[in-house]
Amino acid sequence: MPFGVYVHWPFCLSKCPYCDFNSHVRHTPVDEPRFVRAFGAEIASTAARVPNRVVSTIFFGGGTPSLMQPRAVGAILDAIAAHWTVAPDVEVTLEANPTSVEAQRFQGYRAAGINRVSLGVQALDDRALAGLGRQHSAREALDAVAIARSIFKRYSFDLIYARPRQTPATWRAELEQAIGEAAEHLSLYQLTIEAETPFAGLRAAGKLITPDEETARALYDETQDVCDMRGLPGYEISNHARPGAECRHNLLYWRAGEYAGIGPGAHGRLDIDGARRATANEKRPESWLMRVEAGGNGLTIDQPLTHGERADEFLLMGLRLTEGIDLARFQRLAGRSPDARRTAQLCEDGFVEITPSGGLRVTRRGFPVLDAIVADLAT
């Protein structure tokens with residue numbers, strides 16, 4: 001079975017106004033060697049709990065992992081390889097900001113063992129980038145994409161749509177430009193206003209106007225139409241790839257696989273003594289560091305999931321994929337099948353469908369209301 005390792009580097013140069021991830025800004029230098037030692041210690045303690053795994057994917061997320069020096073990334077990869085077997089075809093992804101300074105490190109990351117990068121471009125319009133609080137320009141982002149293309153066989157970048165003042169026509173033009181730069185993969189996220197972010201405060205004050213529901217749906221449909229036409233169909237609600245170029249690490253999450261979470265705020269799902277355990281680490285970087293130095297890990301949550309919790313999680317994650325879920329696996333996890341009446345009604349309404357192999361998947365019509373579908377089937 002696939003086994004993944006997620007490594008969370010929590011630091012950013014600045015906090016984007018839409019972001020509710022576990023990211024932190026420090027105005028004094030981060031003690032990178034000390035954090036790297038702590039990553040190594042947590043990898044060792046996790047491997048002691050789940051030995052004999054073959055690591056198929058590794059993902060450096062954040063935060064901004066591209067603020068790390070390549071030698072730090074290499075040291076963490078060495079620690080993973082020292083405690084688990086690493087598959088010959090392992091996928092090793094690093095999230096990066098597309099600034100000129102960070103792009104200069106790409107060659108070093110490749111030498112350290114990274115073989116795929118995911119660039120946080122977010123927009124190809126300078127006004128939109130400024131509104132999103134990004135520190136790069138559109139030209140700088142495209143230059144970083146070109147550097148990534150020259151160094152890595154596999155690369156992806158993110159864009160955010162349903163931004164203020166965005167129309168389907170302007171988004172189509174931007175998306176066409178992006179696909180021209182993307183070799184195999186794009187992550188395309190609708191802007192969501194998360195609680196307790198600066199954007200939430202601005203919207204509450206009437207200073208941030210996002211597209212209405214009808215326009216947001218038109219933007220979603222434009223996304224699917226353009227990507228399908230250009231050979232990057234959606235394989236997940238927000239991710240598009242040429243066949244075979246999907247992000248294997250994220251597929252592991254969506255297919256309810258096993259993975260270790262390393263670093264401040266990282267989550268994991270570990271199979272121990274026949275039970276699936278949910279783990280989560282201390283979010284505050286310095287507090288996590290002290291926990292690891294004192295006891296070998298930064299865990300604040302480490303508990304078995306019930307069959308019902310596993311089944312609900314399987315629904316929540318698996319229905320994000322266009323391939324859908326295996327109903328037999330859901331029945332094994334939940335001890336029941338999805339409610340037949342509700343499933344039939346959702347099929348009749350055109351929101352879900354039964355696959356030829358007997359699975360269940362969400363239709364294109366259903367993806368914009370995915371949360372409601374999952375809530376209906378999970379109860």
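Start your tour by selecting A256, which counts as buried at 17% relative accessibility. Here buried means under 20% relative accessible area, exposed means over 50%, and partly exposed lies in between, with a 1.4 Å probe and protein chains only. A256 sits in the loop between α10 (248-254) and β11 (258-262). Its phi is near 60°, a positive value in a residue other than glycine. Helices (H or I, at least four residues) and strands (E, at least two) are DSSP runs, numbered from the N terminus.

Before moving on, a word on the model. It is predicted, and local features need pLDDT of at least 70, side-chain atom pairs count only at pLDDT 80 or more, while totals for chains, interfaces and linings use all residues. Residues are numbered from 1 along each chain as its sequence is written, and side-chain values use heavy atoms, leaving out hydrogens and water.

Select A162, in the loop between β7 and α7 (168-181). A162 is buried, with a relative accessible area of 4%, and its phi is a positive value near 60°, in a residue other than glycine.

Next, go to the loop between β4 and α2, where you will find G63. The peptide bond from G62 to G63 is cis, with omega near 20°.

Now colour helix α2 (residues 70-83). At 1.5 Å a residue, its 14 residues should span 20 Å, and the end C-alpha atoms are 20 Å apart, which agrees. The expected span is 1.5 Å times one less than the number of residues. Show the side of α2 that holds P70, A72, V73, G74, I76, L77, A79 and I80: these residues are buried. What do they pack against? The buried residues of α2 pack against β1 (3-9), α1 (32-49), β4 (54-62), β5 (85-96) and α4 (106-112). Contact means heavy atoms within 4.5 Å.

Helix α1 passes the length check too: its 18 residues should span 26 Å, and its end C-alpha atoms are 26 Å apart. Its buried residues include E32, F35, E42 and T46.

Select R154 in strand β7 (residues 154-161). Is R154 buried or exposed? R154 is buried, with a relative accessible area of 19%. Leaving aside neighbours within four places in sequence, R154 is in contact with E91, N115, R116, V117, E184, A245, E246 and C247.

Then jump to T215 in helix α9 (residues 213-229). T215 counts as partly exposed, at 24% relative accessibility. Not counting residues up to four places away in sequence, T215 touches Q166 and P168. T215 and P168 are 47 residues apart in sequence and 7.6 Å apart in space, C-alpha to C-alpha.

**A hairpin**

Show strand β12 (residues 267-272) and strand β13 (residues 275-281), which pair in the antiparallel sense over 6 bridges. Strands pair if DSSP finds at least two bridges between them. L270 has R277 in β13 as its bridge partner. The two strands form a hairpin with 2 residues between them, and D273 in the turn has a positive phi of about 50°.

**Last stop: α12 and α13**

Helix α12 (residues 307-318) and helix α13 (residues 327-334) pack at an angle of about 155°, with their axes 7 Å apart. In α12, H307, R310, A311, F314 and L315 meet R329, F330, L333 and A334 in α13.

Conventions: Axes are lines fitted to C-alpha atoms, for helices over the stretch in contact, and angles run from 0 to 180 degrees between N-to-C directions.
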